[in-house]
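Here is a brief report on packing in one structure. It covers a helix, the cores and the aromatic rings.

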Amino acid sequence: MTEVGIDKIGFFTPNFYLDMNDLAEDRNEDPNKYLIGIGQNKQSVIPSSQDAVAMAANAASKIIDETNRNKIDLIIFGTESGVDNSKSAAIYLQNLLNLNKNARAFEIKQACYGATAGLQMAKEYIKSHPDKKALVIGSDIARYGLKTAGEVTQGGGAIAMLISSNPNIMSISDDSAFHSEDIMDFWRPLKNNVALVDGHYSNDIYEQFFMKTIHDYSDKFNYDLNNLKAITFHLPYTKMGLKALHKILPEFSQTKQNELLTEFESSRVYNKEVGNLYTGSLYLSLLSLIDNSKNLKPGDQVGIFSYGSGAQGEFYIGTLKDGFKDLKRSNSNLKLIEERTRLNVDEYEKVFLDGDLPDGNFEITPNKKARFNFIGVKDLKRQYK
Ligand code: CAA
């Protein structure tokens with residue numbers, strides 16, 4: 001049977017960040033609540049020129065080249081920060097990147113689960129069309145509002161994944177365990193540009209869905225969880241994944257527990273610095289694991305837990321392929337994160353408030369550090385450059 005999975009991954013986050021020490025001081029909180037209790041050091045601050053489409057184009061342009069451009073005939077854009085109630089972000093992206101027009105291009109929404117839904121659909125498509133490739137995007141801006149409990153868990157960015165047969169980085173298991181239920185833990189009513197969240201409830205449901213789907217996977221497919229070298233999680237804030245990991249640890253030997261905890265630390269290095277990407281968070285964590293783990297090798301199996309509030313959970317297995325080491329060597333993700341500019345709290349608040357876009361036509365100054373920008377609305381049509 002042909003192996004299908006992630007052939008390339010591209011990551012983008014804008015070039016500004018807020019330090020959680022600065023936020024804690026301004027909000028009169030103990031910094032350790034943010035740094036340890038929440039598990040976040042910094043968060044990317046997203047200028048209005050970087051909407052979900054622009055960030056996706058900046059991420060995907062890193063993995064599209066002349067060898068794959070014309071083979072991509074499926075473009076799936078997972079986002080909950082959509083730019084239009086009708087037209088999909090995938091069509092804007094297709095145009096910006098000059099992708100094949102003989103393609104299916106559409107957007108998927110189920111909170112932070114969208115990219116996993118796209119990945120699984122793409123896997124099924126490539127299985128029956130092994131000479132083709134699919135582009136799957138997770139791109140979002142996590143906005144909760146100034147001085148809210150969720151403020152410390154904001155962030156943003158995009159992940160772009162090229163899905164192919166005989167993938168370079170990671171193959172994806174044929175089987176997968178999933179669970180969905182009507183849960184009001186996080187939602188964003190139409191016309192709201194900040195999310196509403198019942199944070200503690202969300203945390204409880206996330207842990208329940210993790211335990212259910214990992215056990216379902218092991219029971220239904222007779223899979224020994226001791227084969228896992230690491231488990232990666234959707235990480236809205238990194239303590240959330242750690243708390244879920246602690247739920248399953250007692251089922252393992254002490255040696256295995258230590259191994260999983262060590263790999264978890266590698267898997268949250270980037271997420272601690274960038275904050276929440278919603279749809280992209282799980283795959284940023286996978287990138288972080290690949291780039292930062294000192295132990296993983298080709299053939300190792302990684303458990304992957306995806307969660308989207310509302311709620312949908314899914315657990316599947318990825319097997320690392322030889323090419324994951326090339327990705328590790330490139331060092332480009334760390335560079336992108338380290339080269340951001342620090343904003344003080346006043347500057348961050350100004351950028352945040354600029355995110356409340358006016359109605360009608362307007363112009364936005366492009367961010368010179370980004371290759372693709374949203375530059376405003378003209379004749380009631382979004383403009384990109
Ligand atoms: N030193 C160390 N730790 C400290 C501390 C200190 N000085 N002070 C507090 N802490 C710890 C607390 O003990 C607590 O730890 P535990 O969780 O282990 O108990 C932690 O810091 C947080 O403290 P609180 O629970 O008191 O914090 P809070 O009431 O302000 O809420 C939060 C925290 C619930 C995470 C809140 O920030 C929030 O609602 N964030 C948004 C929630 C979120 O992102 N949910 C994800 C949904 S999934 C998703 O991504 C959405 C999707 O699908 C689209």
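## Helix H5

The buried residues of H5 are Gly114, Ala115, Thr116, Ala117, Gly118, Leu119, Gln120, Ala122, Lys123, Tyr125 and Ile126. Buried means under 20% relative accessible area, exposed over 50%, partly exposed in between (1.4 Å probe, protein chains only). That makes 11 of 15 residues, and H5 is mostly covered. Helices are DSSP runs of H or I, at least four residues, numbered from the N terminus.

H5 spans residues 114-128, and its end C-alpha atoms are 22 Å apart.

## Basis

This is a predicted model: local features need pLDDT of at least 70, side-chain atom pairs count only at pLDDT 80 or more, and totals for chains, interfaces and linings use all residues. Residues are numbered from 1 along each chain as its sequence is written, and side-chain values use heavy atoms, leaving out hydrogens and water.

## Cores

The largest nonpolar core has 43 residues (buried Ala, Val, Leu, Ile, Met, Phe, Trp, Tyr and Cys joined through side-chain atoms within 4.5 Å). Phe210, Ile231, Phe233 and Phe315 touch the most other members. Helix H6 (residues 199-220) gives this core its largest share, seven residues. Another core lies apart from it, with 41 residues, including Leu286 and Val302.

## Charges over rings

Lys42 lies over the face of Tyr17, 4.8 Å from the ring centre. Lys87 has its charged end over the ring of Tyr92, at 4.4 Å from the centre. The criterion is NZ of Lys or CZ of Arg within 6 Å of the ring centre and within 35 degrees of the ring normal.

Conventions:
Helix = DSSP H or I, 4+ residues; strand = E, 2+ residues; numbered from the N terminus. Expected span 1.5 Å × (residues − 1).
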